[in-house]
Amino acid sequence: MIRLGAEPSKMREIELDDVFLSRLQLLIIMSKAYLNGYPLGRHRIKSILENAKHIKMEAVGLDEDLELFGEDESTENGLGFDSAFYQRVKLLAVMAEAIAKGHALEQHKKEALEKNLDAVCESITFNKQVSDIQFLKVA
Amino acid sequence: MVGTLMYSVNREVLPFENGLEAWIYFESYGVPDIIVADVNLADLSGPELLGKVKGLDRNTVVILYSDVPEREAIVREAGADAFLAKPFGVSELFDLVQRFVVEDRSGS
């Protein structure tokens, strides 16, 4: 039997932060796949749209919380990201949604998407250990 | 999350509310290639579902997950193909897809 996941001493329920990061990771992978010319199948489109919808919804809420409390960082939600990060995440979700809906991105928009992806990945790298973003190799 | 990952690798996904609902569907329409389920399912537990499914088709891959360390031994005893200890992330799910979807398909 294959065993994957947390060590026994670190096992716990999956929290909203975990789900948010996983959805964001999937969105990054699929956006990178698009930029590298991989085709979008019917199921993959469904996956992008669903993840983008959740990410947009959750990032909006988190971003508004930051503005409301005048916080530089979202320490209360446990992720420790700043407002600019959530703005970038929202932008990523909007662009991924556009891709999934069949809107072809012009070259300058592709470059903007790539820059945005790099910035989001960098933020995740700062907040998570490098070993946690090995999934990027899959793209 | 598991569902959206499977969609992202272009696989059809059938979500069920509990173990019994899944089993009733499998009895009527056949078992899928891969089953990913919580150990602690309502009505019919993950290991119970696993036993019934393997009785129908030994080749069906059954992956069970839990946040309780003691349940790993139960899952092993039941004959699961993989145990996912919560919390797990995208990389673990991709690892399983690689092993049970990509490699199996290229091997067959």
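# Close-up views of chains A and B

**View 1. Strand 1 of chain A pairs with strand 3 of chain B in the parallel sense, over 4 bridges.** This is a predicted model, so to speak of a local feature we ask for pLDDT of at least 70, side-chain atom pairs count only at pLDDT 80 or more, and totals for chains, interfaces and linings use all residues. Residues are numbered from 1 along each chain as its sequence is written, while chains are lettered from A and ligands numbered from 1 in the order in which they are written. Strands count as paired if DSSP finds at least two bridges between them. Helices (H or I, at least four residues) and strands (E, at least two) are DSSP runs, numbered from the N terminus. Look for L4(A) opposite L84(B) in strand 3 of chain B, and for G5(A), whose bridge partner in that strand is A85(B).

**View 2. The open sheet has 4 strands, in the order 1(A)-3(B)-2(B)-1(B), with parallel pairing.** Who sits at the edges? Strand 1 (2-5) of chain A and strand 1 (34-38) of chain B do, each with a single partner strand, so one side of each is left without a neighbour in the sheet. On average, neighbouring strands here are turned by 20° against each other, direction ignored. For such angles, axes are lines fitted to C-alpha atoms (for helices, over the stretch in contact), and angles run from 0 to 180 degrees between N-to-C directions. As a reminder, strands of a sheet pair through backbone hydrogen bonds, either parallel or antiparallel.

**View 3. In chain B, strand 1 and strand 2 run parallel and are joined by 5 bridges.** A37(B) stands opposite L64(B) in strand 2 of chain B. To get from strand 1 to strand 2 of chain B, the chain goes through helix 3 of chain B, and this β-α-β crossover is right-handed. Right-handed is called this way: with the strands pointing away from the viewer, the path from the first strand over the helix to the second runs clockwise. Helix 3 (residues 46-56) of chain B lies across both strand 1 and strand 2 of chain B, at about 175° to strand 2 of chain B.

**View 4. Strand 3 of chain B has buried residues pointing both ways.** A82(B) and L84(B) point one way, F83(B) and A85(B) the other. Buried stands for 20 or more other C-beta atoms within 10 Å of a residue's own, exposed for 12 or fewer, and partly exposed for anything in between, with C-beta atoms placed from the backbone. The chain reaches strand 3 of chain B from strand 2 of chain B through helix 4 (residues 71-78) of chain B, in a right-handed β-α-β crossover. Strand 2 (residues 61-66) and strand 3 (residues 82-85) of chain B pair in the parallel sense over 4 bridges. Here A82(B) is the bridge partner of I63(B), and S66(B) stands opposite A85(B).

**View 5. Where the chains touch, chain A gives 29 residues and chain B gives 29 residues.** Contact here takes C-beta atoms, placed from the backbone, within 7 Å. On the side of chain A that touches chain B, the elements that give two or more residues are strand 1, helix 1 (16-35) and helix 2 (42-69) of chain A. Helix 1 of chain A brings the largest share, 7 residues. By class, that side has 12 nonpolar, 8 polar and 9 charged residues. For sorting, Ala, Val, Leu, Ile, Met, Phe, Trp, Tyr, Cys and Pro are nonpolar, Asp, Glu, Lys and Arg charged, and the others, Gly among them, polar.

**View 6. Helix 1 of chain A has 20 residues and reaches 29 Å from its first C-alpha to its last.** That is close to the 28 Å expected at 1.5 Å a residue, where the expected span is 1.5 Å times one less than the number of residues. Its buried residues include R23(A), L27(A), M30(A) and Y34(A). Just after helix 1 of chain A, G37(A) takes a positive phi of about 85°.

**View 7. Y34(A) has its place in helix 1 of chain A.** Why does Y34(A) count as buried? Because it has 21 other C-beta atoms within 10 Å. Leaving aside its neighbours within four places in sequence, Y34(A) is in contact with L40(A) and I99(A). Y34(A) and A96(A) are 62 residues apart in sequence and 9.1 Å apart in space, C-alpha to C-alpha.

Technical notes
Contact = placed C-beta atoms within 7 Å.
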